[in-house]
Each structure stands twice: as C-alpha cells, then as structure tokens.
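Welcome! Take a look at the model below, and then work through the exercises one step at a time.

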Amino acid sequence: MKRRNKIYLYITVLLLLVYIGLLAVLCLSEYTDSNATIRSFGDAFWYSLVTFTTVGYGDLTPVTPVGHAVGVIFLLLSAGIMMTLFGAAISFVTSEGLPLFLLGFQREKNWYYFADYGAEAHILAANIFKEDPDTVIIFGEKKTDEMEFPDYPCLFINVSPARIVARKKSTGSKCKIFLMKENDIGVNSRAIGLHQLPVDVYARTTNGQDHLSGNIRFFHSYDCCARQYWRSRPLCSNEHTIVLIGFGNYGLSILERAIFTNVISVGQHVAYHIFGDATEFLATHRHLHEVFSIGTVSQDSDSLLFYKECWEMHHEVLELADRIIICPDDEPEGWNIFWRLGRYYKLHGQIHLHSNREAPGVSYFGTNEEIYTPNQIMRTSLNQAAVTINEIFRKSVSYPTLSWENLDDFHRESKISAADHLLMKIRILLKDETITDFSADTVEKAYREYCETKKDAAVQEMYRRIDHLRWLRFYTFYNWSYGAARHDGARQHPMLCAYENLTPEQRRERDAAWELLGSITVELK
C-alpha cells in the first residue's frame, strides 16, 4: 500500500511539472508577440483554467504558433479532466469519502463503531442512541438495498476501524468498537490489530474469558440474559422450589447467576431442579457439594438436583414448583414446552419463558432489547461499583491488597459478583421484595437502614453471614478450597470455611460490599 501511494505521488508531481512547463512555454512564446493578449504567467494560468473548464470567455487567446500548439493540448485535455473531476466528485459523494469527511466535524462526540450491521448491532446502537442522542454511530459495511435504514442517525462506512480511529485524531473520548457476532474476534478481518489502537473493544463470545488484552473485553449474550433475568425477577423469600428446563448456554448461565446472587437469608433452603445433561457441569465444578446439597433436597442449605430424564416424568416436582424457568437454547422448543405445561399440568407457580418474541399473557424474558443495552454489554455501572468495593475493601484490612488495575480477571470478577448482589442487599435491608432496580432514594434509604441496624451486633453478624455465604458460593464455584494460607496458584483460601471459624478481621472484610451502598448514594446524587 505504501509503495502504491508513492507511485501515485510521483505521477502527480510529474503531471504538475508538465503543466507548469506548458504554462511557461505559453507565456514565453506569447510575450514576444506585440499583438498577444497573454502577457504574463498569470494570464497563461487563467487561459488554461478557462480552457480546461470549457467556459471559453475569449478574453485571452494565443496568437503565436507555439501558443496555438499549447492551446490545442489544453483543449484535448479539457474533456478528460472534466470527466475525471466529475467522476471523482460522484465517487466522493457515493463512496466513503463524504461520510469520512463529515466525521471530521464530529470528533468531540462519542463514537461507536460496529464491525457489521445485524439484528444485535442494530438494537444495541438504538439503545446507545436513546441514552446518548449526541453520539456518532458507525456501521463498518455498505448499506444494501435490502437493509431498512435505522430510525436513528448513523453512517454506513465500509472502512477499517483503523481509518475511523485516524479520523478521530485522539479527540474526545476513545472510540468504542463492537464485534457483535459470536466468537468474531478470531475470524473477522476487522478485528486484526485492534489491540494496538487507542480504542475500547467489546467482542461477543461463548467462552468464559473476559479479557484478551488490555483494551479488548468479551461479553456473553447468555450471561447478559441471565443477569437481566435475576435482576428483573429476583428470588423471593417464599420461593423454595425452582425448576429449570433446558441446560444449554442459557440454562447454564441462569444457574450460574443464581448461585452467585440468590442469597437472601442465612437459613435459606432453595431447591433448584435442573432438567438437562449436567455431566460436564458437575465434573468441572467439583467443590459445589461443600456449599450445596447435591442430589437431595436439604432443609439447611440450598440444593442442586439434576435430572437426565425428560421433565415430563416428574409431575410432582413441576406441580410443587414456585417458579419454572423454560430456557432451552432452541427457542421454538421452549415455546413447545410452555404450551404443553399449560395444557397438561396442574401448576401453582410462575412460568418464565426465554423468548425473543413478545406475546400477551406470557411472562417472557431475554429479548434482544433487554440484553443488548450499553449497561449490559459494557457493564459500566457494574464495573464502577466493583472498583469501589475493592477500594473500600483495601481500606478495611490491615494487610496489603492490590488496586483494581493490578487485579487478575478472577479477582475482578469476584468484586463484580459482589456488586451484582447489591440489589438483593437493598431488598433485604428495606424488606421490600418488589424492588427490581436502583434509584438514588432507594439506595439512600437502604444505606441509612444499614447504618442504623448494624448497631445491633447480632444484626451486623447476620449481614456478614449473608455476604460470606455469597462469597463462599462464588469461590467454590471456581473450585477454590480451604487452605491455612492463601495460595492463588493452588486455589486455596483460609476464609473458605464456616463463618464461625473466621477471625474478627476476616468477618469485618464482609462489610465492604454493604458499605458500597453509601458510595453509590453519593454518586447517584
């Protein structure tokens, strides 16, 4: 590419020199004739412009033979030059030239670049525009006749991310780049070299990795769906039997989020009945039996019961369920299960169906509009809360701890999991299970309640026990076990034990996640 650019430069310089030479010849030949009207280099330049543009004012004309010869050359070149200029103008308007030119006037705005235009990219872009109307949305492909133009301002520019970033010129905030197809980071040509650009990259994946390099972050649509599900439909204290039908990507993510966030009291005993092949899951998470009852219903702890048989064989489980979550990866199969349950079974609990289609009278979840939001994909508020938790934790302990920038992915995810549990903490503090979202007033009330009630030592111990149980479940899920001293390589931690065996300082560490409510109150105000 660089060699081709040099060739174009050499040709341009050569043509310019030839043009200047012709002007000089015309000027010198006409200057010697007393009847000539072209008497200077400026006259020669004006004559060439009038000739090239085919205007032909007639105010200046060559009179010498050499001048006539130069005029003939200009006349012959004029048609070609006009066609070239006209073609260049058309190409500039119809190709990427004009959009790239216009981008230069909007460098101060936030830029969001999508490598491709698809259903998921379209919905995320629409949600971004709702939150930030003064933004620039760019799709990195040409618009075809089959595409319906979005109802928000956007540009279709079929150029690489590097060219987009070059137009930004490091002005304003970093450009954000999205790869919305699953596992696109390894196959999309537009992903090449992204780690070298001053951008934030968000790539959709199906594996469990969160980072590839400093500026590349992965997101999981299944995990986003599970987060949104438990946020909008949190576990209630009167629910003791949860049925999960379908244990593919969605079912696995929903169970994982339930393990991390569904901790609402010290003595809870929720039984999760999961229909689907869990062989790989149980083999991977081999320490879950330390905090869950596996295979049998317990009245002292939460239980996980997995069934290889089809769900139709367990009428008694379905009829006793407080909640049935239908979430096979194949959406039509989920609808089929939903209709069969309603037609043939006597149920008293709620039925929640994973579906991207809205239907009256159906409690559905996981639509693209719910999943593909800026806060879900970029986890902005969640990450900020996690950073704050880490800072509160660092101040609350006497031993050295790492800053957020120095934490590895696992320990970052540990803080994020703690932030995920904040909604449950607010519901616990305010004793209001109808709360499904944050607001400044709600968080402030919850924090005031925490500050007031923790004065009672027994209540404070209860708060610490709840968060210790949540923390235990997270670490156990990732196969950590008890060790007399912390050893990250061996995945051992001295706090992976019963609450009664913790030291006073270790118990105080659990306050950080509750104290976060105070920091959020200040930030929201």
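**Exercise 1.** Which helix gives the most to the nonpolar patch?

Solution. Before starting, note that this is a predicted model, where local features need pLDDT of at least 70, side-chain atom pairs count only at pLDDT 80 or more, and totals for chains, interfaces and linings use all residues. Residues are numbered from 1 along each chain as its sequence is written, and side-chain values use heavy atoms, leaving out hydrogens and water.

Step 1: find the members. Leu16, Ile20, Phe41, Phe45, Trp46 and Leu49 make up a nonpolar patch on the surface, together exposing about 540 Å² of accessible area. (Patch residues have over 30% relative accessible area and no salt bridge, with nonpolar side chains of Val, Leu, Ile, Met, Phe, Trp or Tyr joined within 5 Å; areas come from the Shrake-Rupley method with a 1.4 Å probe.)

Step 2: assign them. At least two residues come from each of helix 1 (2-31) and helix 2 (41-52). (Helices are DSSP runs of H or I with at least four residues, strands are E runs with at least two, numbered from the N terminus.)

Step 3: conclude. Helix 2 gives the most, with four residues; Phe45 is placed in helix 2.

**Exercise 2.** At what angle do helix 8 and helix 18 pack?

Solution. Step 1: helix 8 (residues 249-261) and helix 18 pack at about 140°, with axes 7 Å apart. (Axes are lines fitted to C-alpha atoms over the stretch in contact, and angles run from 0 to 180 degrees between N-to-C directions.)

Step 2: that makes helix 8 oblique to helix 18. (Under 35 degrees counts as roughly parallel, over 145 as roughly antiparallel, 65 to 115 as roughly perpendicular, and the rest as oblique.)

Step 3: Glu256, Ala258, Ile259 and Phe260 of helix 8 meet Arg470, Arg473, Phe474 and Phe477 of helix 18. (Contact means heavy atoms within 4.5 Å.)

**Exercise 3.** Which residue forms a salt bridge with Arg473?

Solution. Step 1: the whole structure holds 28 salt bridges. (Each has a side-chain nitrogen of Lys or Arg within 4 Å of a carboxyl oxygen of Asp or Glu.)

Step 2: Asp302 is the partner of Arg473, with the closest N and O atoms 2.8 Å apart.

Step 3: Asp302 lies in the loop between strand 10 (293-294) and strand 11 (303-307) and Arg473 in helix 18 (residues 457-477), so the pair ties together parts 171 residues apart in sequence.

How values were computed: Patch = residues over 30% accessible without salt bridge, like charges linked within 9 Å, V, L, I, M, F, W, Y side chains within 5 Å.
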